[in-house]
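Keep the viewer open as you read.

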Amino acid sequence: MKKILVILFSIFSLTSYSQILEPVSWEFSQKQITEDIVELKFQANIEDHWKLYSQFISSDGPTPTYFDFEQSNFYQKVGTTKESESIQSFDPVWEISLNYFENKATFKQQIKILKKDPFSVKGVIDYIACDSVQCFFPLFLPEFDFNIKLRKDFANEK
């Protein structure tokens, strides 16, 4: 019952304050690791007193952070999306132990380049952020768009 009240209050809060409330902002960067591997970096900047939940949480809790990549013939993901160290503790809002981030979280995904032509890696981030009384569900999921162009001189730097 408490979860339903939190969700209803959050929806009301979003309707009332949707232009003001944005507890998580995102920054994107990329780094070429090898001649055909690029690491994509997603950094979440989290406002004070807010929590961004991990990718790895129980189905009894909030929506886990999820990176949805558009399919492409230009690359393939290498492994899973890695995340910085999270905090694990009992969450009074959800009444279970959860993994979450405060202040900052970093997520990294490596991709293997399949074609040498420049291309984009696009997608959206699905997440939820909560403070002690409300939760924020983004009305529009944040989009990412990495423009990938391999450096031909990369091999010469070693």
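Lys112 comes out as partly exposed, at 30% relative accessibility; the scale here calls a residue buried under 20% relative accessible area, exposed over 50%, and partly exposed in between (1.4 Å probe, protein chains only). Bear in mind that this is a predicted model, where local features need pLDDT of at least 70, side-chain atom pairs count only at pLDDT 80 or more, and totals for chains, interfaces and linings use all residues. Residues are numbered from 1 along each chain as its sequence is written, and side-chain values use heavy atoms, with hydrogens and water left out.

So what does Lys112 pair with? Its salt-bridge partner is Asp36, with 3.0 Å between the closest N and O atoms. A salt bridge here means a side-chain nitrogen of Lys or Arg within 4 Å of a carboxyl oxygen of Asp or Glu. Asp36 sits in the loop between strand 1 (24-32) and strand 2 (37-46) while Lys112 belongs to strand 8 (residues 104-113), so this pair links parts 76 residues apart in sequence. Helices (H or I, at least four residues) and strands (E, at least two) are DSSP runs, numbered from the N terminus. Asp36 is partly exposed too, with a relative accessible area of 23%.

The structure has two salt bridges, and the second one joins Lys51 to Asp91. Lys51 is in strand 3 (residues 51-53) and Asp91 in strand 6 (residues 87-91), so here the parts tied together are 40 residues apart in sequence. Both Lys51 and Asp91 are buried.

| Salt bridge | Closest N and O atoms |
|---|---|
| Asp36 with Lys112 | 3.0 Å |
| Lys51 with Asp91 | 3.4 Å |

Lys51 stands opposite Cys130 in strand 10; strand 3 and strand 10 (residues 129-130) are antiparallel and share two bridges. Cys130 is joined to Cys135 by a disulfide with an S to S distance of 2.1 Å, the cut-off for such a pair of cysteine sulfur atoms being within 2.5 Å. The whole structure contains one disulfide. Its S-S torsion is about 100°, so the link between Cys130 and Cys135 is right-handed. Both cysteines, Cys130 and Cys135, are buried.

These strands belong to an open sheet of five, in the order 6-7-3-10-11, with antiparallel pairing. Two strands count as paired if DSSP finds at least two bridges between them. Strand 6 and strand 11 (135-136) are the edges, each pairing on one side only.

Now for the packing. The largest nonpolar core has 28 residues, and those with the most contacts inside it are Trp26, Leu40, Phe42, Val121 and Ile148. Such a core is a set of buried Ala, Val, Leu, Ile, Met, Phe, Trp, Tyr and Cys residues joined through side-chain atoms within 4.5 Å. Strand 1, strand 2, strand 4 (66-69), strand 8, strand 9 (119-126) and strand 12 (143-148) each give two or more residues to this core, with strand 2 supplying the largest share, five residues. Leu40, leaving aside neighbours within four places in sequence, is in contact with residues including Phe69, Phe107, Val121, Phe146 and Ile148; contact means heavy atoms within 4.5 Å.

Strand 12 runs antiparallel to strand 9, joined by six bridges, and Ile148 is the bridge partner of Phe119.

One more spot to look at is Glu47, in the loop between strand 2 and strand 3. Glu47 is partly exposed, with a relative accessible area of 42%, and touches Glu22 and Pro23, not counting residues up to four places away in sequence. The C-alpha atoms of Glu47 and Pro23 are separated by 5.1 Å, although the two are 24 residues apart along the chain.

Zooming out, the protein has one helix and 12 strands. Buried residues make up 41% of its 158 residues. Of the contacts between residues at least 6 apart in sequence, 71% join residues at least 24 apart.
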